[in-house]
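This report describes one protein chain. It starts from a single residue and then turns to the chain as a whole.

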Amino acid sequence: GASGIGATLVESFAAQDAKVGFIDIDAAAGQALAARLSAISAHAPLFVAADLTDTAALDHAIDAVRQRFGPIGVLLNNAANDTRHAIDATTPESWDAGIAVNLKHQFFAARNVARDMMKSETGGSIVNFGSVSWMLKQGGMPVYTTAKAAVHGLTRSLAREWGPFNIRVNTLLPGWVMTERQLRLWSDEAAQRRTLDAQCLKRMLQPADIAAMALFLAADDSAMCTGQDFIVDGGWS
């Protein structure tokens with residue numbers, strides 16, 4: 001939640017007067033965002049520094065949010081790493097690390113917060129973040145695209161398991177979002193032109209476009225939506 005789409009999610013939910021707790025491995029960026037929003041938000045967001053690939057640390061961070069704000073009603077499983085990597089350069093260790101940062105934590109975070117949601121009369125909403133990259137058959141990042149494809153299976157299994165408790169589980173699939181990281185590493189004029197040619201809508205996606213869908217999925221407006229894919233990609237896929 002300290003940068004990119006995650007930071008915009010934190011900002012957007014805080015702007016709706018939500019009680020927001022967020023996690024990131026970048027302590028400096030997380031603390032700076034929390035401090036800035038604390039001055040303008042009805043509820044000061046809580047930042048907890050943690051490595052989400054460490055399940056014990058993840059559970060501890062979620063417990064810290066619970067202790068501050070009470071039972072958790074919404075989870076946004078947004079953390080990921082789309083660093084490009086070649087098939088021949090992928091090792092067993094890098095494979096495990098890629099699955100850990102792009103998939104594993106989504107299951108364990110969801111399992112943790114589901115305890116609160118099961119006890120609530122209103123249930124809860126879990127939003128697992130996927131990607132259209134695997135749908136578009138993009139190469140250059142096989143572990144990432146494999147993990148993101150697996151998110152759909154995770155969403156569907158959890159939606160079935162927890163539906164009787166009124167817990168909704170959906171997948172939000174962003175297209176190519178112009179975050180600072182994407183602009184710095186991979187986005188140039190030619191790449192953006194190719195993307196715009198492929199999209200139906202001729203505007204590059206911004207983090208706020210993803211946050212708007214996340215707000216819908218967190219709110220009662222999506223009360224009967226579960227086990228579904230919500231694609232925000234300008235009509236690319």
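## Surroundings of Thr 171

Leaving aside residues up to four places away in sequence, Thr 171 touches Asn 128, Gly 130, Val 151, His 152, Thr 155, Gln 228, Asp 229 and Phe 230, where contact means heavy atoms within 4.5 Å. The model is predicted: local features need pLDDT of at least 70 and side-chain atom pairs pLDDT 80 or more, while totals for chains, interfaces and linings use all residues. Numbering runs from 1 along each chain as its sequence is written, and side-chain values use heavy atoms, without hydrogens and water.

Thr 171 is found in strand 5 (residues 167–174); strands (E, at least two residues) and helices (H or I, at least four) are DSSP runs numbered from the N terminus. The side chain of Thr 171 makes a polar contact with that of Thr 155 at 2.6 Å.

Met 135 lies in the loop between strand 4 (124–129) and helix 5 (142–162). The table gives the relative accessible area of both residues; buried means under 20%, exposed over 50%, and partly exposed in between (1.4 Å probe, protein chains only).

| Residue | Relative accessible area | Class |
|---|---|---|
| Thr 171 | 0% | buried |
| Met 135 | 31% | partly exposed |

## The chain

Eight helices and six strands make up the secondary structure of the chain, in the order α-β-α-β-α-β-α-β-α-β-α-α-α-β. The C-alpha trace spans about 50 × 40 × 35 Å along its principal axes. Of the 237 residues, 46% count as buried. Among contacts between residues at least 6 apart in sequence, 73% join residues at least 24 apart.

Note on methods:
Polar contact = N/O pair within 3.5 Å; in protein donor to acceptor, adjacent residues only side chain to side chain.
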